[in-house]
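Here is a short briefing to read alongside your model. Keep the viewer open and follow the topics in any order you like.

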Amino acid sequence: MENFVLQMPVPYYFGRGQTVQLDPVLSSYQRVLLVYGGGSIRRNGIYDDVLRHCHGVLTEFSGIESNPSIETVARGVEAARSSESDVIVAVGAGSVIDCAKAIAAGVYWEGDLWEMVTHAGEIQRALPLIAIPTAAATGSEFNSTSVISNAKLVLKKGFSHPLLYPIACIADPSYTFSVPARQTRAGAADTMSHILEDYFKPGFDALIADGIAEVLLRTVMASLEKVLAKPDDYDARADLLYASDIGIKSLTAYGKKGTWSCHSISHALTAHYGVNHGESLAVITPFWMEQVLNDATVRRFDQFARNVFALSDPDPMTNARAGIDALRSFWKKAGLPVSLHELGIVNQEGLSNIAMELHETRDYSSAFMDLSLSDLETILRRAW
């Protein structure tokens with residue numbers, strides 16, 4: 001098992017009615033910037049619920065889009081500066097919380113905000129942030145990472161800094177009841193991908209991390225089926241939300257080292273084609289698995305098939321392939337796309353350019369398996 005540092009600095013208030021915790025958390029602040037997306041939190045009552053516990057001078061910044069842009073971040077920074085806000089309350093899905101983190105750091109950043117994204121190690125200050133998630137997906141409310149898009153550069157890039165950890169996370173599963181089925185499915189795929197990216201890292205001796213990952217994967221799949229049948233199933237929604245936060249907190253990675261693979265491919269697809277992040281991960285992941293499955297990696301895939309899908313073919317390679325098929329079949333049964341064509345990418349012409357871009361800008365040498373240009377092209381071509 002590799003050395004690691006366990007850091008879980010976010011106070012986590014989980015459960016129905018926990019928004020009351022805003023009262024004590026906000027007690028030492030005077031000016032609140034309330035950050036949210038569209039109008040859904042107004043329609044479903046979450047807005048009013050949050051406002052009951054927001055004290056002091058309140059400024060609102062709304063309209064944050066999926067895959068928040070650097071231009072939206074800039075507008076949020078201006079709103080925070082002009083209102084002299086001393087704390088941010090972010091209410092929404094991962095995109096809202098990601099944008100709020102970038103705003104929090106951007107308030108004190110001098111110069112071009114995209115340079116902040118690309119030089120995150122130089123961040124020195126950030127506004128405190130309270131995260132209130134309304135969807136189970138990215139787990140952004142429980143980590144220090146933000147992902148921002150730059151349309152001019154055709155890039156979607158993540159950055160991280162310890163100052164971007166929320167000072168509190170208030171996670172009420174009932175706030176996710178009204179999430180549409182498509183977003184629920186995509187969020188579950190994103191959660192599963194986070195877990196799988198850690199599960200498929202080099203090494204076989206992090207038994208605790210692997211065990212946590214396997215339990216989380218089984219839980220997400222079982223809970224997703226329940227929620228799609230009954231959207232207001234509190235216990236199933238609670239399991240999805242908690243799994244998304246535990247899945248991003250690296251409990252599935254402690255004791256391992258290595259970089260992720262599928263997320264970088266998904267980010268490139270989103271930057272170029274605007275496809276849904278979770279849906280693109282559901283497409284790409286099984287094709288990545290098939291590309292990196294070989295005699296050297298079959299043990300991990302066999303373990304995945306046995307411990308997640310309870311498959312038991314005596315031949316490890318046969319069992320491994322069955323496990324990949326089972327994952328793809330589960331996502332298809334849940335209503336997720338299984339090809340890039342289904343995502344609306346109508347031709348393959350740009351895929352080689354994306355493969356080249358990834359090959360030139362990403363280092364996969366420490367991933368589960370190094371990906372050559374040929375590997376990347378094969379994954380994208382077969383995924384189409």
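This is a predicted model: local features need pLDDT of at least 70, side-chain atom pairs count only at pLDDT 80 or more; totals for chains, interfaces and linings use all residues.

**Strands and their partners**

Ala 131 stands opposite Cys 169 in strand 8.

- Strand 6 (residues 145-150) and strand 7 (residues 155-160) pair in the antiparallel sense, with 6 bridges between them. One of the residues to look for is Ile 148, whose bridge partner in strand 7 is Lys 157.
- Strands 6 and 7 form a hairpin with 4 residues between them. In that turn, Val 154 has a positive phi of about 55°.

**Aromatic rings**

- The structure holds 15 aromatic pairs. In one of them, the ring centres of Tyr 36 and Tyr 47 are 5.8 Å apart and the planes meet at 65°, so the pair is edge-to-face.
- Tyr 36 belongs to strand 2 (residues 31-36) and Tyr 47 to helix 3 (residues 46-51), so this pair ties together parts that are 11 residues apart in sequence. Both tyrosines, Tyr 36 and Tyr 47, are buried.
- Phe 200 and Phe 368 also make an edge-to-face pair, because their ring centres lie 5.5 Å apart with the planes at 80°.
- Phe 200 is in the loop between helix 7 (181-199) and helix 8 (207-229), and Phe 368 is in the loop between helix 14 (351-361) and helix 15 (373-383), so the pair ties together parts that are 168 residues apart in sequence. Phe 200 and Phe 368 are both buried.
- Ring pairs join Phe 200 and Phe 368 into a cluster with Tyr 199, Trp 288, Phe 301, Phe 304 and Phe 309.

**Charges over rings**

- The charged end of Arg 125 sits over the ring of Tyr 108, at 3.9 Å from the ring centre.
- Arg 328 has its charged end over the ring of Phe 287, at 4.6 Å from the ring centre.

**The cavity**

- The count comes to 1 cavity of 30 Å³ or more. About 50 Å³ of space lies in the largest cavity.
- Which residues line the largest cavity? They are Ser 193, Leu 196, Glu 197, Phe 200, Cys 262, Thr 285, Trp 288 and Met 289.
- Helix 7 and helix 11 (277-292) each supply at least two residues of this lining.
- By class, the lining of the largest cavity has 5 nonpolar, 2 polar and 1 charged residues.

**Positive phi outside glycine**

- Glu 84 is a residue other than glycine with a positive phi, near 55°. Glu 84 is found in the loop between helix 4 (70-83) and strand 4 (87-92), and is exposed, with a relative accessible area of 57%.
- Ala 310 has a phi near 60°, again a positive value in a residue other than glycine. Look for Ala 310 in the loop between helix 12 (298-309) and helix 13 (316-333).
- Is Ala 310 buried or exposed? At 63% relative accessibility, Ala 310 counts as exposed.

Notes. Residues are numbered from 1 along each chain as its sequence is written. Side-chain values use heavy atoms; hydrogens and water are left out. Rings of Phe, Tyr and Trp (its six-membered ring) pair if their centres lie within 6.5 Å; planes under 30 degrees apart count as stacked, over 60 as edge-to-face and the rest as tilted. Buried means under 20% relative accessible area, exposed over 50%, partly exposed in between (1.4 Å probe, protein chains only). A charge sits over a ring if NZ of Lys or CZ of Arg is within 6 Å of the ring centre and within 35 degrees of the ring normal. On a 1 Å grid over the protein atoms alone, a cavity is a set of points where a 1.4 Å probe fits but cannot get out, and a pocket is an open set with protein on both sides within 12 Å along at least five of seven lines; lining residues have an atom within 4 Å of a point. Grid points are joined across faces, edges and corners, and a volume is the space filled by probe spheres set on the points. Ala, Val, Leu, Ile, Met, Phe, Trp, Tyr, Cys and Pro count as nonpolar, Asp, Glu, Lys and Arg as charged, and the others, Gly among them, as polar. Two strands pair if DSSP finds at least two bridges between them.
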